[in-house]
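I set out to look up how side chains meet in this structure. My entries take aromatic rings and then charged groups.

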Amino acid sequence: MLATSILVSEASSTDRPADDVRRRKLMDAALTVFLRFGFRKTSMDEVARAANVSRQGLYLHFATKEELFRASVAYFLDTALAAAAAALADAERPLEERLVAAFDTWVGQFVGALGSDAADLHAATKELVGPTVDEREGQFVEAVEEALRASGLVAAYAPAGVTARQLAETLYAAARGLKYGAATRETFVEGMSVAARVMCLPQRDDREKGARPRTSSVRAEGGRPRKARGTTR
């Protein structure tokens, strides 16, 4: 399963030499500086100061600002993807809460985080790491899709021909809209909570009525009702 593979990959990445620990420290510092000043105005000197290392020490790990930016963005994406997958896989929490936590991890943490000089980050990201971002975004949507399908919620939408993928993409569209429309991260979470609550309403209705949860075995996703074994048309 996708979520499991993401978690295993992240877990194995922690068992690395101390040199990688130093690199992660540098990338953490670089992300903070890039978010504050943008790509063009960020200098290697500024990153070195933020990481509390010498300029020469920074260049030992990253020869150019472009290399540092690529590595830092990839590091952030992998870390955020693993955290979002962990939230989605937490079976102790209702699906609604898991969805909000995952989208907050993947999208919400950017709300209000960009400095006034960081307007060029979108263009720099597209130019330098566009394919990596597209790939990780696809993996995130797949993880959400997997969680929706595993919950059985998709069966409630099958009569309308709505698939798990479409539900996941709808939530992602809502998250992107809130990313640019919300003034604070708290506002983003409130908005995503409403979106997830509405999407998960069939499950809430089932719980309140004491009904047996819907399962995808009753109806194929987006298809016609399945023929019961031992019956005739």
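I began with the rings and found a count of 8 aromatic pairs in this predicted model. I looked up one of them, F103 with F140, and noted an edge-to-face arrangement with 5.0 Å centre to centre and 90 degrees between the planes. F103 belongs to helix α6 (residues 95-106) and F140 to helix α7 (residues 121-151), so this pair ties together parts that are 37 residues apart in sequence. I recorded both F103 and F140 as buried. I then followed the ring pairs and found F103, W106, F140 and Y172 linked into a cluster.

Next I checked for charges over rings. R176 lies over the face of Y172, at 4.5 Å from the ring centre. I also noted the charged end of K179 over the ring of F110, 5.1 Å from its centre.

I turned to the salt bridges, for which the count is 11. R49 and E46 meet in one of 2.8 Å, N to O. These two residues are 3 apart in helix α3 (residues 44-51), so about one helical turn separates them. I list R49 as exposed because its relative accessibility is 56%, whereas E46, at 24%, is partly exposed.

My last entry concerns E169 and R165, whose closest N and O atoms are 3.2 Å apart in a salt bridge. Both lie in helix α9 (residues 164-181), 4 residues apart. I noted E169 as partly exposed at 39% relative accessibility, and R165 as partly exposed at 29%. A network of salt bridges links E145, R149, R165 and E169.

Key:
Residues are numbered from 1 along each chain as its sequence is written. This is a predicted model: local features need pLDDT of at least 70, side-chain atom pairs count only at pLDDT 80 or more; totals for chains, interfaces and linings use all residues. Side-chain values use heavy atoms; hydrogens and water are left out. Rings of Phe, Tyr and Trp (its six-membered ring) pair if their centres lie within 6.5 Å; planes under 30 degrees apart count as stacked, over 60 as edge-to-face and the rest as tilted. Buried means under 20% relative accessible area, exposed over 50%, partly exposed in between (1.4 Å probe, protein chains only). A charge sits over a ring if NZ of Lys or CZ of Arg is within 6 Å of the ring centre and within 35 degrees of the ring normal. A salt bridge is a side-chain nitrogen of Lys or Arg within 4 Å of a carboxyl oxygen of Asp or Glu.
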